[in-house]
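Subject: Structure handover

Hi,

Here is the structure for you to look through. My notes follow below it.

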Amino acid sequence: MIELVRVSQKYTYKEVLKDVTFTAEKGQITCLLGLNGAGKSTILKTIMGLTPIHGGSIRIDGEEINQNTYERVSYIPDHLAIPASMKLSDALRFMEDFYSCWNKDRANELMRFFDLDLDERAGRLSKGTAAKFNLVLGLAQDSDYVIMDEPFAGIDLFNRERIAEVFSSELVGNRGVLLTTHEVKEVEYLIDKAVLLRDGVVARSFECEQVRSEESKSVVDVMKEVLLT
Amino acid sequence: MNRYLKLVHLEVHRFRYALFSLMFLTAAIQITGLVHTTQVRVKGWREAARLGEHSTRNFSFADVIGDLQFLFAIPILISIVVLGLYVFLIWYRDWIGRDKFAYRLFTLPTVRRNVYMAKATAIFVFVFAMVSFQLLMLLLERQLFNWMVPSEYRMSSLFAEAVASNLVFVRFLLPLDGIQFVVYYGIGILAVFVLFTAVLLERSYRLPGIVYAILYVAVCGAAIGGAVYLNLYNYFYPREITAIRFCIYLMVMGFTLTLGFRLVSKKITV
């Protein structure tokens, strides 16, 4: 379980996150939702140790973030984080070199699934293709959790459908997924849990199925209610 | 250790074309200068011999290297400037552009000080690769000189004389005194670590970090400069002064590495 307890973060003097507390469980898809600047990406970066926290704690299966965290949690940022001059085949070799949890067979399977060319250079990929390759790099690790920052941003409809397919496939399997997205409608049916953020504060956290059955509301309805009032 | 070496390989691989370009530039300028100067000298010697002037003395490889102060200095200075700028760029290139590699670099399953040390090691590899290349070039150039100059005009010279005849070599690049070599390159290595830590201060604290970085470089510079120009010969023996200098360098190095490792592990923001 990814567990954030009263996490706060400041950027110079501005508080970006205030007492953020929530959990993301294994086997579930948890979605961080909020308007632009709410702190969604910052939360993902704090979990990956890419920005320091100024209060609270972050634990992954009870352990604080350390170098082994990166074998258990794979991170898919909102852009392809490999040098532009690198060929995709070299990028796969790079990942295999550094991650002992790298699953070569799954990487090949994903490359075929997304129809990606190994000889292409990272810098020459279109946004959609880069997003797909980004998913390959994240999902080909035998990790317990996958963290994704805006996996659908700037992607055309057909590619979005292709990416959404991955969530309900064996490629994600029983892993815990924590993602941020603005395309809520398109992934609503996939999400188990939603965490709504407003100005760096968790405004509401809920199980989607429960809200649907007990309150007869969709995630978007709750978002409108919480974030726009 | 394994991942550290892989990171060093990665960093060296990323700079390979720039390094080869510097080597090519060095070779091209130096060989062109050497060939031209040697041809002029041989022509002058032949002319003097034809006119029956016997006052012209034979010349050596060291004489020609001594004549080429400026041409030999240019590629070396360009290399120093490029490598000096790369001390900063080796970090900033991972933050700039569409694909920010820093996201991947800092989520690799290895201790982050390996990233810091791998970047530093890569810089040292580039510096010593250039120095080694320069030494190889001198050997090649001496061979070229021997081919171009008939033996009756040629005077033999030691390799060390050739190095000593060029101020850029003897003062900066290849000091002939072993201790001086260690001190020069030791201070250079220390300076790289200080600048790395300054970059990390900026990357960790952004705008206020620039101020911290400038102050940090100033304090370290003062400590290193103070040690270099330490003039307490009325109070201490030279060996004691050397020991004091060494202690100051070690203290700056220790503090710089400790701070650098802490920043890269706990404070850096991507």
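Two residues count as in contact if their C-beta atoms, placed from the backbone, lie within 7 Å. This is a predicted model: local features need pLDDT of at least 70, side-chain atom pairs count only at pLDDT 80 or more, and totals for chains, interfaces and linings use all residues. Residues are numbered from 1 along each chain as its sequence is written, and chains are lettered from A and ligands numbered from 1 in the order in which they are written.

Domains of chain B

Chain B splits into domain 1 (1-176) and domain 2 (177-270); such bounds come from an automatic or database domain assignment. Their C-alpha centres are 26 Å apart. Across the boundary, 16 residues of domain 1 of chain B are in contact with 17 residues of domain 2 of chain B. On the domain 1 side, α3 (69-92), α4 and α5 (113-148) of chain B each give two or more residues. Helices here are DSSP runs (H or I, at least four residues), numbered from the N terminus. α5(B) gives the most, with 7 residues. That side has 13 nonpolar, no polar and 3 charged residues. Nonpolar means Ala, Val, Leu, Ile, Met, Phe, Trp, Tyr, Cys and Pro; charged means Asp, Glu, Lys and Arg; the others, Gly among them, are polar.

Chain B against chain A

Here 20 residues of chain B are in contact with 22 residues of chain A. On the chain B side, α1 (2-50), α4 (102-105) and α9 (238-267) give two or more residues each. α1(B) gives the most, with 3 residues. By class, this side has 7 nonpolar, 4 polar and 9 charged residues.

Best wishes
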